[in-house]
Amino acid sequence: MAKREFISKRAPIYRDVTDEQWHNWRWQLSNRINSVEEFEKVLPLTESERRALSAASLFRVDITPYFISLIDPDDPNDPIRKQVVPTAAEMVPFTSMMEDSLAEDRHSPVPGLVHRYPDRVLMLVTTQCASYCRYCTRSRIVGDPSATFSRAEFEMQIEYLKRTPQVRDVLLSGGDPLVLAPKILEEILSRLRDIEHIEIVRIGSRVPVFLPMRVTDELCNMLQKYHPLWLKIHVNHPNEISLELAQAADRLTRAGIPLGNQAVLLAGVNDNIHIQRQLVQDLVRIRVRPYYLYQCDLVEGAGHFRTPVGKGIEIMEGLRGHTSGYAVHQYIIDAPGGGGKIPVAPNYVLSMSDHKIILRNYEGYITTYEEPVDYLPSHAAKFVGEKRPEPGQSGLTGLLEGDQMFIKPEGFDELHDRGGIQHRLKDEKKWVPLGIGSGEEKQPTS
Ligand SMILES: *Cc1c(COP(=O)(O)O)cnc(C)c1O
């Protein structure tokens, strides 16, 4: 089978635009499409799209001329069109829909900083994007220039990071950090680099996809001063992988920035094994490593994009083993209410005994793995860091490491006391497991 060719497209109305303008990111940004009149010049709108565009409280619409040119104007179901052109379905509420479904603002010590995991934070630096995805998980603030982060809030974010030494990884997002004025972006990066304990900085951006002309050599030269820097882009469908995106990815990669992709599983866009396989294989061709495939969040406006979780499992079944391991992303449900990312996958372990595990592969071949009878684990004392300042986050690893023996739901002990009295059989010492919680250090077994 011949390789798919990456091509350039330009909608007919842009034929008279000079190449210089077309490849100028400022021109692209100031000529974005957002009104019924402008849309009608590029593609005939459906009744539902026209209704949405006339609605009063619509999540912001803006599409770069470059990105809208990738749409087939004659196909009302075009997978790119669905991502950026609103329809009336956006206005339909659904069960469990929330404004902030990941409870980001609750996990936020200062405005724009979301500190959910022990060693890394999400840092929102703007509410603006080059174009707006209709299923945006952060639509509560994104698109609204008045909701953007102030200089004072940025200083609060930096102060928090300085006084929180367990943070070794900062993930810049928004909005889209790459639409910031280059000077401001550079200031953010250099202020982060001044903080000794921050090891890596990551940027989450859809600019290479919406506005690849923004990825200039000048920008790449600036970014590469702040290594180690990683960049995550957001491509959902093979049609988004144009010649321009391939070239932008090449420039970033040459600047030493490892590229990853986060996709969202979207009904009618990419909820299909064949589309997904093409997507991840084309991403690997432009040296972008598929990272996550997200289940669509329970966020306002995204109801019609949601698929059953089984669709995601089916897609993962169709990727692992069927294509390069490098091309296989992880399927993730970001926990509603704020638990963070949870991977979900098909089952490959069929059964186990005390010395054998039974597995199946992608073809349905069933095998047994005989386990060692003389296994001695390594002692990694040298790598055991200081105790975490927030011991509550050790989770199941904490159970396995023997830090604790139980994780109890809130109010568990009180409930099971049944309002009873303190009597002669109740002695707290009875429930302290030997060697756990007694203050003594664990001894390596040899
Ligand atoms: C996604 C996310 C991260 C990064 O998660 P990784 O699994 O390390 O990529 C960090 N903080 C928050 C709040 C996030 O939502």
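Reply:
**The ligand site**

The shell around the ligand holds 6 nonpolar residues, no polar ones and 4 charged ones. (Ala, Val, Leu, Ile, Met, Phe, Trp, Tyr, Cys and Pro count as nonpolar; Asp, Glu, Lys and Arg as charged; the others, Gly among them, as polar.) The model is predicted, so local features need pLDDT of at least 70 and side-chain atom pairs 80 or more, while totals for chains, interfaces and linings use all residues. Numbering runs from 1 along each chain as its sequence is written, and side-chain values use heavy atoms, without hydrogens or water.

Start with the names. V114, R116, Y117, R120 and L122 belong to the shell. L171, R202, Y291, Y292 and K341 complete it. (Each has a heavy atom within 4 Å of the ligand.) Two strands, DSSP E runs of at least two residues, each give at least two residues to this shell: strand 2 (120-124) and strand 7 (288-294).

Now the polar contacts (N or O pairs within 3.5 Å). R120 has a polar side-chain atom 2.6 Å from an oxygen atom of the ligand. Y292 also places a polar side-chain atom 2.6 Å from a ligand oxygen. For R202, an N or O atom of the side chain is 2.8 Å from an oxygen atom of the ligand. On its own, the ligand has 390 Å² of accessible area (Shrake-Rupley, 1.4 Å probe), and the protein covers 91% of that.

Step back to the space itself. The ligand takes up the second largest pocket, with more than half of its atoms within 2 Å of the grid points. By class, the lining has 25 nonpolar, 12 polar and 11 charged residues.

Strand 2 and strand 7 each supply at least two lining residues. So do strand 3 (169-173), strand 4 (200-204) and strand 5 (229-233). The list also includes strand 6 (259-264), strand 8 (330-335) and strand 9 (340-343).

Terms used
A polar contact is a pair of N or O atoms within 3.5 Å; within protein, one must be able to donate a hydrogen and the other to accept it, and residues adjacent in sequence count only if both atoms are side-chain atoms. On a 1 Å grid over the protein atoms alone, a cavity is a set of points where a 1.4 Å probe fits but cannot get out, and a pocket is an open set with protein on both sides within 12 Å along at least five of seven lines; lining residues have an atom within 4 Å of a point.
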